[in-house]
Number of protein chains: 2
Amino acid sequence: MRILILGGDGYLGWPTAMYLSRRGHEVAVVDNYFRRRACIELNREPLIALPNLNRRATLWERVSGHRLTVHIGDVCDYPFLLQVFREFEPDAVVHYAEQPAAPYSMMGHRQAVFTLTNNLVSTTNLIFAVKECNPACHIVKLGTMGVYGTPNIDIEEGYLEVEHKGRRHRFLYPKTPGSLYHLTKAQDGDLLYFYCRMWPIRVTDLNQGPVYGLTTGESAEDERLLPMFNYDDVFGTVLNRFLVQAVAGVPLTVYGQGGQTRGYLNIQDTLACVELALLHPPAPGEYQVFNQFVETFSVNDLARKVQDAGRALDLRVEVQHLPNPRREAEEHYYNPAQTGLLSLGLKPHYLDEATLCRMVQLVQKYRDQIQPELIFPQVRW
Amino acid sequence: MRILILGGDGYLGWPTAMYLSRRGHEVAVVDNYFRRRACIELNREPLIALPNLNRRATLWERVSGHRLTVHIGDVCDYPFLLQVFREFEPDAVVHYAEQPAAPYSMMGHRQAVFTLTNNLVSTTNLIFAVKECNPACHIVKLGTMGVYGTPNIDIEEGYLEVEHKGRRHRFLYPKTPGSLYHLTKAQDGDLLYFYCRMWPIRVTDLNQGPVYGLTTGESAEDERLLPMFNYDDVFGTVLNRFLVQAVAGVPLTVYGQGGQTRGYLNIQDTLACVELALLHPPAPGEYQVFNQFVETFSVNDLARKVQDAGRALDLRVEVQHLPNPRREAEEHYYNPAQTGLLSLGLKPHYLDEATLCRMVQLVQKYRDQIQPELIFPQVRW
């Protein structure tokens with residue numbers, strides 16, 4: 001399969017590119033380096049310095065024998081995207097090319113407008129490029145479980161059958177996101193669902209929970225192939241932050257009461273899920289939705305697990321409850337469905353102590369790079 | 001009350017400005033003339049030539065003694081909007097500054113991206129200007145009933161209480177719009193609802209049905225004060241198109257079977273509803289939604305009514321069913337609620353034969369201006 005990865009320089013885009021190319025697919029990657037620029041501008045650089053995308057592709061080819069085509073440019077630039085489509089002629093596109101951080105989207109007006117326009121115009125351009133060049137091309141868009149918020153009823157997989165006053169209707173599951181970033185991810189889904197109703201395009205939306213981990217099978221051969229790993233308050237996700245705090249000897253920063261519960265998955269499962277989605281495209285005009293996570297944990301659960309792993313490694317790990325910088329429920333009902341990807345054959349990795357210890361040990365190798373002051377929350381909403 | 005009207009040059013913005021100023025409010029209007037430019041570019045000019053907004057304000061002051069402040073500029077230009085806020089210090093803002101035509105939004109990539117960014121960035125800028133300058137300022141945004149689509153259950157007023165597997169949750173009513181324009185109107189509502197959850201801003205969303213009519217109490221004194229009245233396939237709404245077709249002796253163009261049912265209202269009721277909303281702001285942090293229409297009709301109902309009015313005026317009116325240029329259900333369940341504005345005191349105008357005849361007679365005065373070839377649908381989706 002010829003697979004185009006938009007946002008191929010990112011935390012998930014780069015490991016996905018290696019993974020799919022090693023599994024026999026022909027892969028091209030696109031990135032505009034937005035995330036690298038933002039990390040420098042905000043003084044929130046990743047833990048592990050990264051060669052640029054062209055250099056990483058060269059390294060990967062040397063290690064694996066698989067060639068990745070690299071295009072540096074902006075998916076919001078429609079003529080650029082059309083040119084990539086015409087040159088590469090993808091059978092499928094994996095769309096990671098969005099501004100991915102909730103705190104970034106809540107920093108102020110400029111970041112809000114950027115997040116909104118980047119995430120929705122990139123998606124619109126992708127839809128039109130597919131319609132223009134090859135309507136059969138399967139769009140696999142990375143979404144987030146965060147679009148659902150924390151409703152007081154079960155979260156179903158994409159759609160909700162509603163019975164009301166004796167009549168029934170099947171709606172796209174209503175979204176109540178908790179940050180502007182998450183709202184734009186509901187809105188990009190609304191765009192894709194809308195154009196599936198209008199045109200015979202094929203879309204899979206993967207509503208993914210927070211991802212943890214650094215290592216994938218492909219990066220084991222050369223640590224310069226590790227993904228962009230942020231541990232700061234803006235771009236770092238909660239468990240990755242905790243791993244770094246444990247190593248730095250800084251208390252784990254739990255926001256508020258810590259009862260916030262989400263569905264998590266290992267980065268290796270992300271890659272497997274994306275390939276499963278690619279191998280199972282929906283029919284033309286169908287908007288297929290999977291909830292992509294493996295286990296649900298509260299923030300307090302995660303903190304306890306990291307404390308336990310720390311103990312096993314002779315690290316003293318403390319927990320500090322901070323005033324919550326976000327507006328969110330700190331205790332709530334949470335029961336999301338996730339059967340679609342399991343039924344396609346996903347073999348999940350669970351968050352056991354051995355896994356946590358391996359992650360902590362890898363972070364320990366980069367201990368000198370940690371800037372603990374980056375971890376404390378600076379963005380409030 | 002100091003009321004800022006965004007999109008004050010448009011079909012509804014201009015009559016709203018006159019109406020509110022005559023009722024003792026201090027009114028400023030903003031417009032970037034997008035609609036005028038688009039009408040010229042697409043060769044779809046309004047039936048009645050319009051003095052520019054400054055000249056109309058001067059005319060209105062001469063007729064009524066009420067001064068309107070005019071700002072020509074783009075709400076998507078945030079520094080411009082902030083400056084207007086700081087100069088005028090509004091207590092409330094009526095937001096009409098969006099690209100309002102479904103067919104325009106479906107013409108192609110350029111129009112899609114324009115509609116998306118214009119409608120969402122204008123709304124985002126407005127939210128941030130309110131938060132920055134005066135969080136108590138009430139935002140009244142004109143929405144559309146079209147955001148709901150035609151679900152198989154009753155359309156409630158803004159929210160839907162869902163019972164699912166023995167638990168209950170109140171969601172914003174899920175939207176299934178039928179054009180990109182309508183989708184952006186669901187998305188601007190999602191933005192407003194989101195920021196109401198985050199910040200103590202006050203928002204009323206008026207989900208309005210298609211509006212018909214030309215005359216309001218204020219324009220009766222000078223026909224140069226009539227609103228921007230489009231009858232073409234892109235900017236004209238269905239009943240206004242039918243009025244012009246009846247006068248031009250062209251068959252009424254019914255798309256498909258004609259069972260498409262919507263909630264309609266007279267332009268005079270729009271003005272009353274907007275003022276009722278302004279006089280009843282929600283609490284800080286509340287997103288208040290009203291469904292704004294008076295009666296539901298199918299397209300076939302409207303065609304029959306125009307035929308009857310034509311007969312009363314000795315006009316021979318025929319009906320022609322065209323292949324539907326849109327993707328929409330032509331027969332469907334439709335039972336929308338609309339009690340909120342009635343309970344605030346709306347006294348509706350109904351679409352009776354006398355009203356229809358007066359509208360036809362006014363259009364007859366401009367008969368020589370009609371270009372019948374503009375009425376046939378050119379945009380398909």
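Tutor: In chain B, helix H6(B) and helix H7 (residues 180–198) pack with their axes 10 Å apart and at an angle of about 20°. The model is a predicted one.

Student: Why is H6(B) called roughly parallel to H7(B)?

Tutor: The angle is about 20°, and angles under 35 degrees count as roughly parallel. Therefore H6(B) is roughly parallel to H7(B). The crossing of H6(B) and H7(B) is right-handed.

Student: Which residues of H6(B) and H7(B) meet?

Tutor: From H6(B) they include Ala112(B), Leu116(B), Leu120(B) and Ile127(B). Among those of H7(B) are Leu180(B), Thr184(B), Asp188(B) and Tyr195(B). By class, the contact of H6(B) with H7(B) has 9 nonpolar, 6 polar and 1 charged residues.

Student: What else does H6(B) lie across?

Tutor: Helix H6 (residues 109–133) of chain B lies across strands S1 (2–6), S4 (92–95) and S5 (138–144) of chain B. The angle between H6(B) and S4(B) is about 180°.

Student: How do you know which strands stand at the edges of the chain B sheet?

Tutor: The order of the 7 strands in chain B is S3-S2-S1-S4-S5-S8-S12, in an open sheet with parallel pairing. Strand S3 (68–72) and strand S12 (287–292) of chain B each have a single partner strand, so one side of each lacks a neighbour in the sheet. From one strand to the next the twist averages 20°.

Student: What makes S8(B) and S12(B) a pair?

Tutor: Pairing requires at least two bridges, and strand S8 (residues 202–208) of chain B is joined to S12(B) by 6. Therefore the two strands pair. S8(B) and S12(B) run parallel, and Leu206(B) is opposite Phe290(B) in S12(B).

Tutor: Helix H9 (residues 267–279) of chain B also packs on this sheet, where it touches S1, S4, S5, S8 and S12 of chain B. The directions of H9(B) and S8(B) make about 160°.

Student: Where are the edges of the sheet in chain A that has 3 strands?

Tutor: That open sheet has the order S9-S11-S13 and mixed pairing. Strand S9 (211–212) and strand S13 (295–298) of chain A are its edges, because each has a single partner strand.

Student: How do you know that S11(A) and S13(A) are paired?

Tutor: There are 4 bridges between strand S11 (residues 261–266) of chain A and S13(A). At least two are needed, so S11(A) and S13(A) pair. They run antiparallel, with Glu295(A) as the bridge partner of Tyr264(A). Helix H9 (residues 267–279) of chain A lies across S9 and S11 of chain A, at about 80° to S11(A).

Student: Why is the relation of chain B to chain A that of a two-fold axis?

Tutor: Chain B superposes on chain A, with an RMSD of 0.0 Å, by a rotation of 180° and a shift of 0.0 Å along the axis. That is what a two-fold axis does. Pro174(B) is the residue of chain B that comes closest to the rotation axis, its C-alpha being at 2.8 Å.

Student: How do you know that the copies meet through the same surface?

Tutor: Of the interface residues of chain B, 100% are also interface residues in chain A, so the surface is the same. In the contact, 34 residues of chain B face 35 of chain A. H6, strand S6 (159–164), strand S7 (167–172) and H7 of chain B each supply at least two residues on the chain B side. The largest share, 9 residues, is from H6(B). That side divides into 20 nonpolar, 7 polar and 7 charged residues.

Note on methods: Residues are numbered from 1 along each chain as its sequence is written. Chains are lettered from A and ligands numbered from 1 in the order in which they are written. This is a predicted model: local features need pLDDT of at least 70, side-chain atom pairs count only at pLDDT 80 or more; totals for chains, interfaces and linings use all residues. Axes are lines fitted to C-alpha atoms, for helices over the stretch in contact, and angles run from 0 to 180 degrees between N-to-C directions. Two residues are in contact if their C-beta atoms, placed from the backbone, lie within 7 Å. Copies are superposed by least squares on the C-alpha atoms of residues with pLDDT of at least 70 in both. Angles under 35 degrees count as roughly parallel, over 145 as roughly antiparallel, 65 to 115 as roughly perpendicular and the rest as oblique. A crossing is left-handed if the near helix is turned anticlockwise from the far one by less than a right angle, and right-handed if clockwise. Ala, Val, Leu, Ile, Met, Phe, Trp, Tyr, Cys and Pro count as nonpolar, Asp, Glu, Lys and Arg as charged, and the others, Gly among them, as polar.
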